[in-house]
Amino acid sequence: MKLRKPQSCALCNKDLKFKYKPDKSWNIDGYLCSDCHMKTTREFVIKQKEEEEKNIKKQNQCFICNKQIEPEKKKKPRWQWNMENDIFLCEKCFEQKELAYQTKINYCVHCGKKIGLLRYNPKPKWNIDGQLCRQCWDTINISQN
Ligand SMILES: [Zn+2]
Ligand SMILES: [Zn+2]
Ligand SMILES: [Zn+2]
């Protein structure tokens with residue numbers, strides 16, 4: 001970074017006849033000429049508007065496919081899915097997630113067999129995400145010991 005003379009504009013380096021203090025939020029050190037001050041103000045207002053629009057868009061955006069969702073069709077993910085709190089899903093992604101979730105809780109993650117009422121949670125140290133059938137649980141338990 002080059003050193004700036006105090007009397008020149010922090011952006012265009014022009015000598016300053018009139019100094020304009022930049023807004024704190026612009027993160028500019030020093031002073032600006034009137035042209036740069038005007039330009040930066042304008043850019044900043046535009047940027048702020050864009051930011052606002054982006055936020056509004058995000059509130060109606062599917063977290064997975066990024067599609068815009070009609071407000072009445074927004075779906076909150078189930079808490080069991082371990083997703084962020086303030087997000088929404090479109091119907092399609094919700095159904096896919098739901099299906100994946102049902103598969104995860106109804107089928108052995110190791111062999112793919114459907115598990116009945118007796119399901120076995122893997123030990124945390126196995127680092128397995130899902131549930132196991134009795135057989136796989138035993139197999140892994142033996143191999144891990
Ligand atoms: Zn300037
Ligand atoms: Zn989606
Ligand atoms: Zn299994």
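Donors are N, O and S atoms within 2.8 Å of the metal (3.2 Å for Na, K and Ca), and sites may look incomplete because water is not among the atoms. The structure is a predicted model, in which local features need pLDDT of at least 70 and side-chain atom pairs count only at pLDDT 80 or more, while totals for chains, interfaces and linings use all residues. Residues are numbered from 1 along each chain as its sequence is written, chains are lettered from A and ligands numbered from 1 in the order in which they are written, and side-chain values use heavy atoms, with hydrogens and water left out.

**Exercise 1. Identify the donors of the zinc ion (ligand 1), their geometry and their spacing in sequence.**

Step 1. The zinc ion (ligand 1) is coordinated by the SG atoms of Cys9, Cys12, Cys33 and Cys36, at 2.2 to 2.3 Å.

Step 2. Four donors count as tetrahedral if all angles lie between 85 and 135 degrees; four count as square planar and six as octahedral if opposite donors are over 155 degrees apart and all others between 65 and 115; anything else is irregular. The four donor atoms around the zinc ion (ligand 1) subtend angles of 104 to 117°, so the arrangement is tetrahedral.

Step 3. Along the sequence, the donor residues of this zinc ion (ligand 1) are spaced C-x2-C-x20-C-x2-C. Cys12, in the segment before helix H1 (34-59), and Cys36, in helix H1, are 24 residues apart, and the pair links distant parts of the chain. Helices (H or I, at least four residues) and strands (E, at least two) are DSSP runs, numbered from the N terminus.

Step 4. Buried means under 20% relative accessible area, exposed over 50%, and partly exposed in between (1.4 Å probe, protein chains only). Cys12 counts as partly exposed because its relative accessibility is 37%, whereas Cys36 counts as buried, at 9%.

**Exercise 2. Describe the overall form of the protein chain and check the span of H1.**

Step 1. The protein chain has three helices and zero strands, and its elements run α-α-α from the N terminus on.

Step 2. The radius of gyration is taken over C-alpha atoms, and the globule rule is 2.2 Å times the number of residues to the power 0.38. A compact globule of 145 residues would have a value near 15 Å, but the protein chain has 28 Å. The C-alpha trace spans about 85 × 45 × 15 Å along its principal axes.

Step 3. Buried residues make up 25% of the 145 residues. With contact meaning heavy atoms within 4.5 Å, 18% of the contacts between residues at least 6 apart in sequence join residues at least 24 apart.

Step 4. The expected span of a helix is 1.5 Å times one less than its number of residues. The 26 residues of H1 should span 38 Å, and this agrees with its end C-alpha atoms, which are 38 Å apart. The buried residues of H1 are Cys36, Thr40 and Phe44.

**Exercise 3. Determine where Asn27, Asn127, Lys21 and Leu117 are placed.**

Step 1. Asn27 has a positive phi of about 60° although it is not a glycine. Most residues other than glycine have a negative phi. Asn27 is in the segment before H1 and counts as exposed, at 72% relative accessibility.

Step 2. Asn127 has a positive phi of about 60° and is not a glycine. Asn127 is in the loop between H2 and H3 and is exposed, at 71% relative accessibility.

Step 3. Lys21, in the segment before H1, is exposed with a relative accessible area of 62%. Not counting residues up to four places away in sequence, Lys21 touches Tyr31 and His37.

Step 4. Leu117 is in the loop between H2 and H3 and is exposed, with a relative accessible area of 84%.
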